[in-house]
Amino acid sequence: MLHSVKKLLSPFLLTLIFVAASWSLFHPQIFRVHDYVHAARIAEITRALSDGHFPVRWSANFGYGYGMPLFEFYAPLPYYIGSLFYWLGLDVVLVIKLLFAGCTAATLVGAYLLGKKLFGRWGGLVTAAALTLAPYRAVNLFVRGALSEAWGIMALPWILLGIIKVINQEKFAWQLLVVSLAVMMLSHNLTVMMFVPFSLLFALLFYLTKLKLVKNWQQQAIKTGLQLLASYGLAVGLSAFYLLPAFLEKSFTKVEAAIIGGYFDYTLHFLYLRQFFEPNWQYGGSIWGPVDDISFFLGWGQLLAVMGLGGLLIWQLGQLLIKSNTQKNLQVVVKRVWQLSLSSLGYLLLTLGALYLTLARARWFWRLLPLLKFVQFPWRFLTVAIVFLALVAGSSVRLVKDKKLKAYYSLVLLLIIVAGNFYFFRPEKYLADAQSLYYTDASKIQQQMSQILPDYIPVQMAEQLNPPDSLILSEVDQKDYQV
C-alpha cells in the first residue's frame with residue numbers, strides 16, 4: 001500500500017502543478033492579452049497550407065489584403081501545430097487554449113526530467129514547479145499573450161537535458177538535443193539569441209563536474225565538444241528555412257523600424273533590482289523606470305529556495321570540513337567542494353548573469369553587441385534566468401541527505417511555490433464576446449487586424465491602407481474560403 005502511494009505521489013504532484021498553472025484555461029470564455037493576433041495567424045497559416053504552401057511564408061490577408069510574408073519573419077511552429085487542430089474542426093478559441101496548455105505541460109515534463117536527472121525525484125518535482133510556476137511564465141501567458149516566447153521557454157529544459165545526455169554518452173542523446181533546439185529556433189528566434197550562449201556555459205559547467213583525471217580526458221573533451229557543436233549545427237540546418245530568410249531579408253520590410261525604435265528602444269526598458277522582489281501584479285505594459293504596469297517578480301518559493309541553497313551549502317561544507325581529520329579525507333572534501341560549487345553555485349551564477357543583463361548596469365554590454373537591440377526589452381532575459389533559477393531550487397533539494405528531511409523540505413518548498421504563484425496564472429478578465437478579438441474572418445483580418453500587425457509589409461508601403469475592392473470577400477466567398 002505504501003509503495004503504491006509513493007508510486008502515485010509524483011504523478012499527483014505534477015498534475016497539481018499543471019492545474020495550478022492552467023486553471024484559468026478551463027473557463028469557458030477566453031481572455032484578452034496584449035498579443036491577441038493568434039486566431040488570425042492560425043487561420044492564415046491554415047489557409048496557406050490548404051493552398052499547398054509549405055513551408056508557409058505568405059499570409060494572404062494581412063497587409064490590408066495585399067498579402068504579407070508574415071511566417072518568413074514570425075516563428076511559425078506554434079501556428080503549424082495550431083493549424084492542425086483548426087483544420088480538424090476545433091474552434092479557434094479552443095485551439096489557442098490547447099496551445100497554451102500544451103506548452104505548460106511540455107515545460108512541466110521537461111523540467112521534471114531535467115531536475116530528476118540532476119537531483120533525483122524530489123529535485124525533479126521542485127525544479128518542475130519552480131519553472132512551470134515562474135511568475136514570468138504567467139506574464140507571458142496571461143498578460144502579454146506571448147505564445148511564441150512561452151514555447152521558446154518550453155524547449156529550454158529539454159535542451160539542457162539533451163546536453164547532459166550527450167555528455168553522458170546516452171542513447172538518443174543528440175537526437176533529443178537537435179529536436180529541442182529546432183523547436184526553440186522555430187518558436188522564438190530571440191530566445192535563440194539569448195539562450196544559446198548560456199546553454200554552452202551550462203555544457204561546460206556540467207562537463208567539468210563529470211571530469212575525471214584519466215589519460216584520455218582530452219580526447220573525450222574533443223569528442224563531446226564536436227558532438228555538441230554538430231547537434232547545434234544540425235538544428236540550425238533544420239531551421240534554416242525560417243532562420244536565414246528572417247535574418248537576411250528583414251531589411252526589405254518595416255520590421256526594423258517597427259521593433260527597434262521609439263517605444264521599443266531597449267534603453268527604455270531596463271529593470272531595477274527591487275523589481276525582482278515586488279509582485280506588483282498588473283496587466284499593463286513595460287515603461288521607463290521602476291513602476292512598470294507589469295511584474296518581473298521571481299516568485300516567493302523560488303527566492304526561498306535560493307536562501308535554502310545558501311544555508312544548506314554552508315551546512316554541508318561545514319560538516320565535510322569537520323570530518324576531514326586525515327589527508328585522505330581532506331582530498332575527498334576538496335573534491336566534494338569542487339562538485340558542489342561547480343553545480344549548485346554554477347546554476348546560481350548563470351541565474352545572476354541572466355538577471356544582470358536585465359539591469360541598467362548592463363547597458364555597456366548591450367552597446368558592445370548591437371544585435372541585442374532586436375531583443376527590445378532587456379527583461380526578456382528572464383526567459384533564461386527562470387530556467388537556471390529552477391535548477392537552483394532543485395539543487396537545494398540534493399543537499400538534504402536524510403530521506404525523510406528531503407521529502408519534508410521538498411513538500412514545503414512545493415507548497416510555497418504552488419500556493420504563492422498559482423494566483424498569478426489568471427487573466428485580468430474574460431471576454432463576453434471572443435469574436436471581438438479572436439476572429440478568423442478574412443475581411444476582418446484585411447481591414448482590422450492588418451493595422452495591429454503592420455511590421456512585415458514592404459518598406460515602401462503605407463501603413464494605413466484600405467483593402468482593394470477585388471480582395472474584399474463577400475459573405476458567400478468567406479463561407480467557401482474558411483477551413
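Are phenylalanine 31 and phenylalanine 100 buried or exposed? Both are buried, where buried means under 20% relative accessible area, exposed over 50% and partly exposed in between, with a 1.4 Å probe and protein chains only. Let's work through some exercises on this structure.

The model is predicted: local features need pLDDT of at least 70 and side-chain atom pairs pLDDT 80 or more, while totals for chains, interfaces and linings use all residues. Residues are numbered from 1 along each chain as its sequence is written, and side-chain values use heavy atoms, with hydrogens and water left out.

**Exercise 1. Describe the protein as a whole.**

Step 1: Start with the helices and strands, which are DSSP runs numbered from the N terminus (helices are H or I, at least four residues; strands are E, at least two). The protein has 18 helices and zero strands.

Step 2: Look at burial. Of the 483 residues, 54% are buried.

Step 3: Turn to contacts, meaning heavy atoms within 4.5 Å. Among those between residues at least 6 apart in sequence, 77% join residues at least 24 apart.

**Exercise 2. Compare the span of helix α5 with that of a straight helix.**

Step 1: The expected span is 1.5 Å times one less than the number of residues. For 41 residues, a straight helix would span 60 Å.

Step 2: Helix α5 (residues 92–132) spans only 25 Å between its end C-alpha atoms.

Step 3: Now find the bend, the angle between axes fitted to the seven residues ending at a residue and the seven starting there. At phenylalanine 119, α5 bends by about 145°.

Step 4: Check how covered the helix is: 30 of its 41 residues are buried.

**Exercise 3. Classify two aromatic pairs.**

Step 1: Rings of Phe, Tyr and Trp (its six-membered ring) pair if their centres lie within 6.5 Å; planes under 30 degrees apart are stacked, over 60 edge-to-face and the rest tilted. The whole structure holds 25 aromatic pairs.

Step 2: For phenylalanine 31 and phenylalanine 100, the ring centres are 6.3 Å apart and the planes are at 70°, so this pair is edge-to-face. Phenylalanine 31 sits in the loop between α1 (2–22) and α2 (38–50), and phenylalanine 100 in helix α5, 69 residues apart.

Step 3: For tyrosine 136 and tryptophan 379, the centres are 6.4 Å apart with planes at 70°, so this pair is edge-to-face. Tyrosine 136 is in helix α6 (residues 135–144), whereas tryptophan 379 is in the loop between α14 (363–368) and α15 (382–398), 243 residues apart. Tyrosine 136 and tryptophan 379 are both buried.
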